[in-house]
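Good morning, and thank you for making time for this presentation.

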Amino acid sequence: MKNNFIKKMNELNKKNIGVYVRKLLALDKEVYLLYIPLIVDRKSISENIIKPILEYPENSRLTMKKLAEAVIFADEVEFDSDEEKFEGYLLEGKTIILSPNEGDYLVVDVLKREKRNVESPEVETGIKSPRDAFTESIETNLSLIRYRIKDPALRIESMSIGRRTKTKVAVVYIKDIVNTDYLNQIKDQLNRIEIDGILESGYIEKYLSDKKKIFPQIGTSERSDSVAGKLLDGKVAIIVDGSNFALIAPRTFLEFLDSGDDHYGNTYISVFVSILRFIALLLTLTLSALYVTVVAYHPDILPSQYILSLANSRVAVPVNAVLEALLMEFVVELLRESNTRLPRQIGPSIGIVGTIVIGQAAVSAGLVSPLMVIIVSLSSMASFALPDYSLVNITRLLKFFMILCAGVFGLFGFIMGYTFLVVVLVSTYSVGIPYTAPLAPFSLKDIKDFLLADIVTNKDRPSYIDAKDKTKR
Amino acid sequence: MKKYRLFFIILIISLILTGCWDYNDINKRNITLSVGVDNAHNGKGVEFSGENARLGPSKGHDGGQIGSASISSSFTFVSNGKDFEEARANYNKNIPLNDFSGATRAVVFSKEYAKNPGIDSYINRVINLFGYRSALLIAVSDIPTNELFNAKIKNDISIGHAVEDTLRHLSEEGDLVYKTIYEANSDILLEDVGYLIPYIGIRDSSISVLGYAVMSNDSRLIDIIKLNEMSTANLLLSKNAVQRKSYKCPAHPMQDISVKTSLKRRKIKTSIVNDSININIDLNLKSEIQYPYHYLSHNKNDIEPLEKSIEDKIQEDVLNIIKKSQEEFKIDCFDFARYFRVQNPEVYKKISWKEEYPNIKFTVKVKTKLVNTNLLEIYQE
Amino acid sequence: MKQYLTNRQITLLLFAVMVGYGIVNLPKNIVESSGTGGWITLIINTLFFMFMAYVITYIQFNNENKILYEYTRELYGKYISTIITTLYILYFMLIASLILRMYSEVLKLIFLNNTPIWATLLVFYFVAMFAVSKKLHAIGRLAEIYSLFVIAGYLFIICIMFTKAKLINIQPFFESSQVSKYLKSTLNLIFPYLGMEVIFFIPLNKNNNRNISKNVIFTILCIGVLYIIIFESVLSIGGIENITNQKAIIFETLRGLDVYKLEALRRLDGLYLIFSTMNLFTSSCVFLYGTTTLINEILPKIKTKCILLVVTIVEYIISLLPRSVMETESAIKKTSKLGMICGIVIPIIMFITMKVKKNEKV
């Protein structure tokens with residue numbers, strides 16, 4: 001046995017994985033320390049492992065067991081005897097303490113990785129909501145959830161996905177609320193993933209969704225309070241190490257319109273804001289298409305004065321309405337993409353240049369009509385009113401589809417394009433739950449709970465989740 | 001399945017690129033603002049005249065204002081032809097863009113055209129053709145429509161706007177009943193009745209309403225109801241007729257009092273007595289004193305005689321206008337036929353309403369109540 | 001796996017199927033056959049069809065989890081049930097194609113003057129095929145969402161029409177001499193009420209769909225009331241003469257209506273187009289699904305997707321066959337006679353058979 005350990009140690013030393021070997025002499029007993037300095041807490045090693053071993057005063061025999069129980073100060077200690085697992089432990093940031101005479105070796109967890117502090121959420125900002133957002137470290141994230149839900153029924157199941165990255169993925173749920181069907185479905189799908197590396201929760205999201213679907217079926221969240229709220233509703237959260245977005249399954253369409261701080265504010269405001277967000281979604285999708293319909297196919301929908309002023313404003317425009325709409329939407333998308341990647345020093349000025357100058361100058365040069373500029377900026381502003389980023393992305397794409405439909409067949413094409421989207425919406429499932437859940441199948445209580453977002457009157461969990469524990473009292 | 005998908009994609013792309021059959025941008029179309037129909041001046045045929053919108057400032061003028069949405073001006077057009085189709089074809093040859101008639105505001109017929117051949121053929125044209133809205137207003141003008149549309153008016157953008165705005169504001173105040181093409185059509189389809197259309201002209205560089213034009217059952221112009229009788233005709237036709245008149249105060253003969261009388265309810269009962277038709281018209285009005293011409297003190301006993309004099313005057317006016325319609329126009333232009341048909345359907349089928357109309361006995365009962373004296377305290381103890 | 005719909009989805013689906021086409025020429029048919037007292041005929045028809053609703057839901061409810069082909073096979077044997085199912089397949093195919101053709105003609109006359117009919121029909125069938133390929137659940141949910149919009153739209157249009165109504169146009173309400181005419185015209189007004197036989201291919205479940213009979217009967221009552229209100233409001237604006245003169249009367253009435261106060265919504269027939277397209281789309285999806293499912297039952301070896309594609313192509317060809325509007329209308333009249341057999345005669349026979357068998361067992 002002892003030779004194997006030393007032999008393995010020398011092998012590892014020759015490979016260039018960064019292993020460092022420290023030899024200690026404790027009362028004439030040889031003790032070797034193996035660790036990768038890049039990912040361990042070197043201070044902790046010297047204070048909690050090396051120092052107590054070297055200062056060991058007693059005269060009795062030093063075994064691994066005695067080391068673990070009486071000498072080493074570090075908190076997580078394991079025994080193992082398989083030398084093939086050396087690499088695995090070392091790459092996880094653990095230190096291996098071995099001795100040539102013993103059959104076991106100790107594995108001490110001293111992982112230290114660079115991580116940032118808990119900061120405000122970047123994407124899901126709100127006015128009256130807690131600001132501790134997730135970071136890239138899975139321990140921080142899990143601790144943010146754990147301190148909020150002190151229920152012993154909260155279970156955290158870890159698994160390691162990805163052959164080369166061995167990313168730690170945690171499935172979090174509350175055992176007496178969650179529906180075990182979804183849970184098992186999610187766990188099965190996760191276990192079936194076979195891939196080199198998982199770098200971000202977006203990869204897992206793609207594995208858990210159906211292949212050809214347009215609308216996002218798994219929700220993402222950056223804020224720990226909203227994840228805790230969803231767990232209490234009976235949903236399952238998936239946290240991926242290295243990603244500051246947690247996944248929540250299942251997620252229906254209406255929940256994409258729900259921003260966490262609705263629940264914390266006034267009830268009437270939350271009703272108003274929910275309806276406003278829904279209208280914002282519709283506006284983003286259809287405003288340009290409606291413009292094309294009205295200008296090119298059915299101007300007589302409008303009263304006579306509007307027709308004249310509309311025609312007047314388009315007199316100098318050289319392109320027809322469809323091309324104008326597509327062009328302006330394309331320019332806005334370009335501006336949006338370039339804005340996300342601007343460095344901070346020149347960001348604001350270029351933003352002003354892009355939006356104001358291009359808009360104003362285009363109108364003055366007679367390239368687009370002023371109404372088109374208003375419509376395009378209104379629809380892109382409306383898209384920012386939606387709290388969830390994944391839905392907004394899809395609407396940006398579907399906008400072009402609607403413009404094309406309206407451009408070919410007018411009002412009829414607009415309705416057919418809309419119907420196509422509704423059919424796609426209605427036939428999507430999120431982990432087995434229909435996507436349009438409180439609307440169809442209709443449940444007035446759930447819609448009321450969603451709109452009012454009032455914790456006092458909302459006594460039950462949403463019925464489509466089919467949780468084990470249906471009431472919140 | 002992959003081949004089918006490819007096939008569908010190719011089909012859809014070809015549909016998008018070659019389709020758009022109905023695609024017509026609004027600024028590339030010729031917007032008609034108003035239409036006038038007249039007899040052709042040089043012999044037989046019809047003449048279309050009217051206004052088209054002139055879009056935007058002309059090129060080269062204000063450089064900074066291109067594309068701003070300003071109210072446009074208009075220019076007139078004229079086209080002749082042997083019938084509607086030929087006149088329209090001649091019109092099409094003169095305009096540079098596709099025509100758009102969905103923004104038309106009014107259709108005006110000239111007096112001569114309304115007398116002969118009559119307006120029902122054009123009404124049928126508007127109702128059935130694609131592109132026209134059958135909610136257009138119609139009016140008859142006392143000058144040829146060519147002159148009407150070329151006249152300069154001082155208080156509106158174009159003649160079409162002026163006609164529509166004038167007719168609408170008068171009808172909101174209760175001084176006029178206008179007819180759309182759809183409503184005129186339903187009167188034409190109910191044979192044996194006539195109908196009233198606003199009669200307009202140009203006075204003092206603005207469009208002014210001169211009365212009602214009485215159309216016969218084959219949609220020809222028979223006669224005109226003048227301005228002073230318009231308010232009485234409104235009492236029989238409109239839902240919210242209002243009459244503003246000054247009456248002599250019965251107690252103080254030198255005093256004139258201005259009274260606003262509005263219609264509360266109108267009941268028309270038809271009956272057959274001994275083979276002759278009787279129609280009872282019951283008008284329930286309410287009056288409000290607006291102001292007296294001179295300041296004099298009145299007391300409460302002046303109210304009843306004032307009410308009675310209002311009732312008598314209105315009853316006399318109504319009977320006069322009905323008598324006129326029976327003797328001079330000889331056509332029912334106040335829609336009594338519908339009431340008779342509802343209340344006596346069997347008899348209506350057997351008789352010819354047009355022939356029986358001059359022999360109908362009318363009785364009119366007017367009842368009014370003076371509800372307030374505005375804010376004036378003119379009655380003292 | 002059998003798929004169930006909730007009660008609400010079934011009733012809203014029925015609403016879409018029945019109101020979808022029946023309402024377009026409803027006022028004209030009523031006025032031609034019974035004049036202004038037509039509301040009496042509508043009441044009689046509504047009561048009769050409430051009874052038929054009870055019959056049909058009874059049949060389907062007592063054959064839990066089964067659809068038409070399966071339980072007629074139990075009742076009558078394989079040969080007759082194949083004939084009955086084929087009759088229904090033919091009826092559903094014809095009615096869906098002809099209704100869509102009529103709708104495209106109206107669309108071409110009023111809105112899209114130059115677009116050829118094959119293009120609009122192509123788009124329609126494409127989206128309908130896509131919707132049906134998502135199975136019954138998707139259609140049920142689609143019906144739920146869309147029918148709510150359609151009902152809201154109809155209520156809005158009715159309110160607007162009532163502001164311009166003239167009471168004199170809808171009188172006389174009742175003429176005692178015309179009673180026999182009212183009773184005879186019930187036969188002419190069956191077409192707007194046809195459509196309940198779509199329940200025959202929706203499997204019902206005794207737990208999920210309790211009280212389905214009551215819900216369906218109530219729905220038929222509401223549809224009858226809606227028909228009466230629409231009829232009266234259209235009549236009150238134009239009068240009898242206007243209605244008999246024109247096709248697609250609701251569109252024409254809305255075109256002739258100019259409510260000045262509603263600034264932006266003055267062209268009401270555009271709004272009406274949106275609702276009626278939604279309605280017709282749902283009903284054509286339902287018919288397409290019914291045809292596919294019944295064919296799938298008779299020939300279980302062929303894949304559903306192939307059947308769907310073939311059925312869509314056949315319906316597209318049938319839609320293009322009539323050469324003019326008149327031919328389409330006469331074809332619809334003939335199909336409605338077939339519909340009377342499928343919708344009234346066969347269910348009553350099956351009802352009686354089932355009651356007899358039940359009594360025999362007991």
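Let me begin with chain B, where buried residues make up 37% of the 381 residues. Please bear in mind throughout that this is a predicted model. Chain B has 12 helices and 13 strands. Its radius of gyration is 27 Å, whereas a compact globule of 381 residues would have one near 21 Å. Taken along the principal axes, the C-alpha atoms of chain B fill a box of roughly 90 × 60 × 60 Å. Of the contacts in chain B with a separation of 6 or more, 69% are accounted for by residues 24 or more positions apart.

How is chain B divided by the domain assignment? Domain 1 takes residues 24–59 + 70–225, and domain 2 takes residues 228–381. Over C-alpha atoms, the centres of domain 1 of chain B and domain 2 of chain B are separated by 32 Å. Where the two domains touch, domain 1 of chain B contributes 18 residues and domain 2 of chain B contributes 20 residues. On the side of domain 1, the elements giving two or more residues are strand E7 (195–203), strand E8 (206–215) and strand E9 (221–225) of chain B. The residues on that side of domain 1 of chain B comprise 9 nonpolar, 5 polar and 4 charged.

I turn now to strand E6 of chain B, residues 137–141.

Which strands does E6(B) pair with? Strand E5 of chain B, residues 106–110, pairs with E6(B) in the parallel sense over 5 bridges. Within that pairing, B:Val108 stands opposite B:Ala139. E6(B) is also joined to E7(B) by 2 bridges, and these two strands run parallel. There, B:Ser141 has B:Ile200 of E7(B) as its bridge partner.

Along its principal axes, the C-alpha trace of chain C spans about 60 × 50 × 35 Å. Buried residues make up 49% of the 362 residues in chain C. Among contacts in chain C between residues at least 6 apart in sequence, 85% join residues at least 24 apart.

Chain C also touches chain A: 23 residues of chain A are in contact with 27 residues of chain C. On the chain A side, the largest share, 11 residues, comes from helix H14 of chain A, residues 389–426. By class, that side of chain A has 17 nonpolar, 5 polar and 1 charged residues.

Finally, chain A itself. The domain assignment of chain A gives domain 1 (2–109), domain 2 (138–251) and domain 3 (267–430). The C-alpha centres of domain 1 of chain A and domain 3 of chain A lie 63 Å apart.

Chain A holds an open sheet of 5 strands in the order E6-E7-E9-E10-E8, with antiparallel pairing. Its edge strands are strand E6 (154–161) and strand E8 (219–221) of chain A, each of which pairs on one side only. On average, and ignoring direction, neighbouring strands of this sheet are turned by 25° against each other. E8(A) is joined to strand E10 of chain A, residues 246–249, by 3 antiparallel bridges, and A:Ser221 stands opposite A:Ala246 in E10(A).

Two helices lie across this sheet. Helix H6 of chain A, residues 180–191, lies across E6, E7, E9 and E10 of chain A and runs at about 175° to E7(A). Helix H8 of chain A, residues 224–233, lies across E7, E8, E9 and E10 of chain A, running at about 50° to E7(A).

Terms used. Residues numbered from 1 in each chain as written. Chains lettered and ligands numbered in written order. Predicted model: local features only at pLDDT ≥ 70, side-chain atom pairs only at ≥ 80, totals over all residues. Domains from an automatic or database assignment. Contact = placed C-beta atoms within 7 Å. Helix = DSSP H or I, 4+ residues; strand = E, 2+ residues; numbered from the N terminus. Nonpolar A, V, L, I, M, F, W, Y, C, P; charged D, E, K, R; others polar. Pairing = 2+ DSSP bridges. Axes fitted to C-alpha atoms, helices over the stretch in contact; angles between N-to-C directions. Buried ≥ 20, exposed ≤ 12 C-beta atoms within 10 Å, placed from the backbone. Rg over C-alpha atoms; globule rule 2.2 N^0.38 Å.
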